[in-house]
Each structure stands twice: as C-alpha cells, then as structure tokens.
Amino acid sequence: MITSTANYAANIRKPAGTPKAGPEMGTGMSIKSLKEALRELKGDELKATSVVEMGFGPGGPDYRGLIIVSNNQQMPKCPNEKLPVNNQALKTMVEALSDYYGSKADNAEVAFLKGGFNPPGYCQITLLKSDGSPTGLGLYFSKETGEPMGKLTGKL
C-alpha cells in the first residue's frame, strides 16, 4: 500500500499495522506478511534499512507499523525509528523464524526488544501472538547478516 505521492516517489511501502505500545518496537506485521513483503525486494533495495512509524503517547513511543523502505536516500517524513538491521538481514531473520517455527509462527508479529544489554553486533527480537501478547521468546540475531546467534529454541 502506498501512503502518499511522496512515498510513492520514494518507493516506500507501508503495510497496515496495528498500533501497539510496549517495551518492544513492534513491526505490526506477521512473519507471513513480512516474508511476502520482503520477497519483492531486489538488489540495492535489500541494502536499505526499513523503519517503524511512531507516535508519542503518555506511555512513551507508540509503534504503529513497519514502513518498508527501498531507498535510504528517500525516507518517510513521519516520525520513525530505523530497524537495527537492513532489509537483507531482516529477510534472513524472517526466513529463519519461519523455517524453525513453521506454520505456528505465520500469524506471530515480529518485534525488536528495546533497551537491555545485547551482545555486540546482535539485536534481540521477540514474537507477539496475534492478540498482541508476548510469547516470552527473546531471540538474538546478527545485525549484519540476520542469522540467529546459535540455534533457535523455544516453542510457540
């Protein structure tokens, strides 16, 4: 979905997301939706870093949903926060999650955990259930490649 003429020119696609506030930066997209959206990206588009649109509420930032950016030179004008990984790493990460958890994860939302201590070069993500509740997973992935740190574990 293209949100405006300016975004069309920048080749920014903004899938519909559900606003969620919390200690994590939610993408508003399920693993299945992310996989489909990232499948379209090619070449330099995979080097770009997507962002999460944000607003500000009484509890702090309100993450409204992922905006897939295909050109780092033309970013959206709305307040946003960059993902800690580029589109290629995000694609690798989503494929690893999909491969490990299978169809059980199709409707789980990918969220990046904020704060805390992450090993250098890694970011931590979690999966949120379709109702927005946490799964309790805290999985580490390489910021550069999107590969999991060690073997994926845990159940959904």
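## A term to start with

A residue is called buried when its relative accessible area is under 20%, exposed when it is over 50%, and partly exposed in between. With that in hand, let us walk through this predicted model.

## How confident is the prediction?

The protein chain has a mean pLDDT of 84, and 85% of its residues reach 70 or more. The pLDDT is below 50 over residues 1–10, a stretch that has 14 contacts in the model beyond near neighbours in sequence. Residues 16–22 also stay under 50. Where pLDDT is low, the predicted coordinates should not be read in detail.

## The nonpolar core

The largest nonpolar core has 33 residues, and Leu90, Met93, Leu97 and Phe112 have the most contacts inside it. Several elements each supply at least two residues, among them strand 2 (24–30), helix 2 (31–39) and strand 7 (122–128). The largest share, seven residues, comes from helix 3.

Leaving aside residues up to four places away in sequence, Phe112 touches residues including Met25, Leu83, Leu90, Met93 and Ile125.

## One face of helix 2

Helix 2 has Ile31, Leu34, Ala37 and Leu38 as buried residues. Viewed down the helix axis, the buried residues fall within an arc of 130°, so they line one face of helix 2. These buried residues pack against strand 2, strand 4, helix 3, strand 6 and strand 7.

## Strand 3 and its partners

In strand 3 (51–57), five of the seven residues are buried, so the strand is largely enclosed by the rest of the structure. Strand 3 pairs with strand 4 in the antiparallel sense over seven bridges, and a hairpin joins the two through two residues. Within this pairing, Gly55 has Asp62 of strand 4 as its bridge partner.

Strand 3 also pairs in the antiparallel sense with strand 5 (residues 80–82), over three bridges. There, Val52 stands opposite Glu81.

## A pair of tyrosines

The structure holds one aromatic pair. The rings of Tyr100 and Tyr101 have centres 4.6 Å apart and planes at 90°, so the pair is edge-to-face.

Are these two tyrosines buried or exposed? Tyr100 has a relative accessible area of 38%, so it is partly exposed. Tyr101 counts as buried, because its relative accessibility is 8%, under the 20% cut-off.

Conventions:
Residues are numbered from 1 along each chain as its sequence is written. This is a predicted model: local features need pLDDT of at least 70, side-chain atom pairs count only at pLDDT 80 or more; totals for chains, interfaces and linings use all residues. Side-chain values use heavy atoms; hydrogens and water are left out. pLDDT is the predictor's confidence in each residue, from 0 to 100. Contact means heavy atoms within 4.5 Å. A nonpolar core is a set of buried Ala, Val, Leu, Ile, Met, Phe, Trp, Tyr and Cys residues joined through side-chain atoms within 4.5 Å. Buried means under 20% relative accessible area, exposed over 50%, partly exposed in between (1.4 Å probe, protein chains only). Helices (H or I, at least four residues) and strands (E, at least two) are DSSP runs, numbered from the N terminus. The arc is that of the directions from the helix axis to the C-beta atoms. Rings of Phe, Tyr and Trp (its six-membered ring) pair if their centres lie within 6.5 Å; planes under 30 degrees apart count as stacked, over 60 as edge-to-face and the rest as tilted. Two strands pair if DSSP finds at least two bridges between them.
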